[in-house]
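User: I'm new to reading protein models and would like to learn by looking at one. Can you walk me through it, feature by feature?

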Amino acid sequence: MRIASIDVPAVFNNQQRPVKRILTGDCKLQTTKNQSLLKSKGFIIFFVIVVMTYFTGMALQNDTILFIFKPLLVTSLLLYFISATRRSKSSLKAFVALALIFSIAGDTLLMFAGNNERFFLLGLSAFLIAHIFYIITFHKIKIGENIEDR
C-alpha cells in the first residue's frame, strides 16, 4: 500500500523531523525512545488482548463480551493515538480523534440496531461523520505536504 510508506514531515509534531510512517503506528512524538517503545508495546498488548477477547466472545456467541469489547476495540486505538500525539499541537490531531470517537459511537449504536431502526440510522450517521473527519484529515495532509493529484 503506497500511502502507508509515506513519511509525512511536521504533520503531527510541528517540527522539521518527519513523523515516521504515520499510518503504520510508528509515531514517536517528542518522547525518548525507551518511553515511546514501552508505551507503544503496552498499548499493542492491550489492543491484542481486546481483539482476542472480542474474537473469543464471537466464537462463544457471548453477547455480553461482544457488547463490552466491540466499542473497546476502537477506544483502545483512540487511547493509543492520544498517547502517541499528546505533545502535538497539530489541528489534525483533533480531526483524527473526532473521527475515532464517531466510529466508537457508530459501533455502539449499531449494536442496538436490532431493537430499533433509529439506532441503525444513527449508527450509520455516526460512521458518515467519522469518514468526513478522515477525509478532512487526509485532505489537510495532502495540502500541507503539497501532494499532487494523479
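User: Let's start with burial. Which residues of α4 are buried?

Analyst: Keep in mind that this is a predicted model. The idea behind the pattern: an α-helix has 3.6 residues a turn, so residues three or four places apart point the same way. Here, the buried residues of α4 are G123, A126, A130, F133, T137 and I141.

User: How many residues does α4 have, and how far does it reach?

Analyst: Helix α4 covers residues 117-144, which is 28 residues. From first C-alpha to last it reaches 41 Å, close to the 40 Å expected at 1.5 Å a residue.

User: Is Q61 buried or exposed, and why?

Analyst: Q61 counts as exposed because its relative accessibility is 69%, and the cut-off for exposed is over 50%.

User: Moving on to α2, what should I look at there?

Analyst: Begin with its start, where a side-chain oxygen of N62 comes to within 3.0 Å of the backbone nitrogen of T64. Helix α2 itself spans residues 63-84, so to speak 22 residues in a row, and reaches 32 Å between its first and last C-alpha, close to the 32 Å expected.

User: Where does α2 bend, and by how much?

Analyst: The bend is at L73, and it comes to about 35 degrees. L73 is also among the buried residues of α2, along with others including L66, F69, V74, L78 and F81.

User: How far apart are L77 and F47, in sequence and in space?

Analyst: They are 30 residues apart in sequence and 7.4 Å apart in space, C-alpha to C-alpha. L77 belongs to helix α2. With a relative accessible area of 38%, L77 is partly exposed.

User: Which residues make the nonpolar surface patch?

Analyst: I44, V48, M52, F55 and M58 make it, and the patch is about 490 Å². Take F55 as an example: it is found in helix α1, which runs over residues 33-60. F55 is partly exposed, as its relative accessible area is 49%.

User: Now a loop, please. Where does S88 lie, and is S88 buried or exposed?

Analyst: S88 lies in the loop between α2 and α3, the latter being residues 92-111. S88 counts as buried because its relative accessibility is 11%. The S88 side chain also reaches the backbone nitrogen of S90, at 3.2 Å.

User: To zoom out, how many helices and strands are there in the protein chain?

Analyst: There are four helices and two strands. Reading from the N terminus, the order is β-β-α-α-α-α. Of the 150 residues in the protein chain, 31% are buried.

Terms used: Residues numbered from 1 in each chain as written. Predicted model: local features only at pLDDT ≥ 70, side-chain atom pairs only at ≥ 80, totals over all residues. Heavy atoms only, no water. Expected span 1.5 Å × (residues − 1). Bend = angle between axes of the 7 residues up to and from the residue. Buried < 20%, exposed > 50% of the residue type's maximum accessible area, 1.4 Å probe, protein only. Polar contact = N/O pair within 3.5 Å; in protein donor to acceptor, adjacent residues only side chain to side chain. Patch = residues over 30% accessible without salt bridge, like charges linked within 9 Å, V, L, I, M, F, W, Y side chains within 5 Å. Areas by Shrake-Rupley, 256 points an atom, 1.4 Å probe, with all protein chains shown as cover. Salt bridge = Lys/Arg side-chain N within 4 Å of Asp/Glu carboxyl O.
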